[in-house]
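Me: I would like to go through this structure and ask what stands behind each label. Please set the values against the cut-offs.

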Amino acid sequence: DREQFRQNDATSKHIKLWYEEAEAHVPVGTNQLTIPPATSTVVGTSDDGSTMYAQWLMLTVQRTDQIPTDSLAMASAISLYDNSPTVLDTITVDNLQFSDEDSVAFRVGGVVSWERASYFWYGFVSHFSVYLADDGTGSNEMFVTSLSSSFDNAVIPNVTALTQRHVLVYCENQFGRALVAASAFFADANSTPSTTSTGSSTLSSTTTSTKSTTVSSFTSTSTSSGTSTASSTITTST
């Protein structure tokens with residue numbers, strides 16, 4: 001009953017429960033499994049003849065009356081990271097998407113998502129890092145967040161971005177990030193700057209006095225995205 005499972009679909013999540021070097025099944029009540037050193041992650045050969053490697057470690061709950069593949073949809077999974085002195089080259093993610101949900105101009109917020117490309121193996125990627133930049137090459141880039149390679153989305157927490165209108169995601173490990181990033185352009189949800197009020201007021205008084213009459217004239221002028229003028233004349237007899 002030591003089965004090999006492999007899912008080879010558009011997301012390229014090749015999965016295998018070890019059945020040669022490591023025990024695939026553990027009894028109920030056990031909460032750990034030791035995988036021996038030098039355990040191979042090879043799962044087979046693809047249609048084009050290239051070697052396929054496991055990218056995920058999955059934990060499933062199985063019953064004797066349940067076929068093994070039924071439990072895969074409910075499995076817990078973490079990405080496998082091969083801790084080796086490997087420097088990343090041009091590996092990137094695919095289908096990067098982001099839409100600004102912050103309604104304030106020059107502030108950016110929302111969920112950015114991506115997928116693992118079917119033509120890359122991510123075993124040497126320990127985490128993904130998200131940046132904002134002026135263009136897809138990373139000009140004037142601004143770091144946002146970094147998270148485990150087990151994830152395929154991240155939250156951009158309403159940050160100020162005056163000129164950055166591209167989101168970038170890099171594959172990274174302990175030796176640095178890949179040479180290129182996946183990038184996507186987005187529009188500011190509110191392209192109109194916040195309203196700024198400026199105002200001024202002027203109060204002038206002119207008094208003209210004669211023998212029997214005093215005339216006082218007051219004029220007030222104020223502006224705030226416009227102009228308004230008010231005047232009043234008070235006449236008193238003496």
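**Labels and their grounds**

Reply: Ile-35 is found in the segment before strand E1 (42-45); strands here are DSSP runs of E with at least two residues, helices are runs of H or I with at least four, and both are numbered from the N terminus. This is a predicted model, in which local features need pLDDT of at least 70 and side-chain atom pairs count only at pLDDT 80 or more, while totals for chains, interfaces and linings use all residues. Residues are numbered from 1 along each chain as its sequence is written, and side-chain values use heavy atoms, with hydrogens and water left out.

Me: Why is Ile-35 called partly exposed?

Reply: Buried means under 20% relative accessible area, exposed means over 50%, and partly exposed lies in between (1.4 Å probe, protein chains only). Ile-35 has 33%, so the label is partly exposed.

Me: What makes the nonpolar surface patch that includes Ile-35?

Reply: Val-26, Leu-33 and Ile-35 make a patch of about 220 Å². Patch residues need over 30% relative accessible area and no salt bridge; nonpolar side chains (Val, Leu, Ile, Met, Phe, Trp, Tyr) are joined within 5 Å, like charges within 9 Å. A salt bridge is a side-chain nitrogen of Lys or Arg within 4 Å of a carboxyl oxygen of Asp or Glu. With 33%, Ile-35 therefore passes the area condition.

Me: How many helices and strands does the chain have?

Reply: The chain has zero helices and 15 strands. Of its 238 residues, 31% count as buried.

Me: Why are E5 and E9 said to stand at the edges of their sheet?

Reply: The sheet is open, has three strands in the order E5-E6-E9, and is paired antiparallel. Strands E5 (93-98) and E9 (153-160) each have a single partner strand, so one side of each lacks a neighbour in the sheet.

Me: What makes Ala-154 buried?

Reply: Ala-154 has a relative accessible area of 5%, so it falls under the limit for buried. Contact means heavy atoms within 4.5 Å. Not counting residues up to four places away in sequence, Ala-154 touches Gly-110, Val-111, Val-112, Trp-114, Val-130, Thr-145 and Leu-147. The C-alpha atoms of Ala-154 and Val-130, 24 residues apart along the chain, are separated by 8.0 Å.

Me: Why is E10 called largely enclosed by the rest of the structure?

Reply: Eight of the eight residues of strand E10 (residues 166-173) are buried, so the strand is largely enclosed. Both faces are covered: His-166, Leu-168, Tyr-170 and Glu-172 are buried on one side, and Val-167, Val-169, Cys-171 and Asn-173 on the other.

Me: Which strands are joined to E10 by bridges?

Reply: Strand E7 (residues 127-133) is joined to E10 by seven bridges and runs antiparallel to it; Phe-128 stands opposite Cys-171. E10 pairs with strand E12 (residues 182-185) over four bridges, also antiparallel, and Val-167 stands opposite Ala-184. Two bridges join E10 to strand E11 (residues 176-177) in the antiparallel sense, which meets the pairing condition of at least two. E10 and E11 form a hairpin with two residues between them.

Key: Accessible areas come from the Shrake-Rupley method with a 1.4 Å probe; for residues, only the protein chains shown count as cover.
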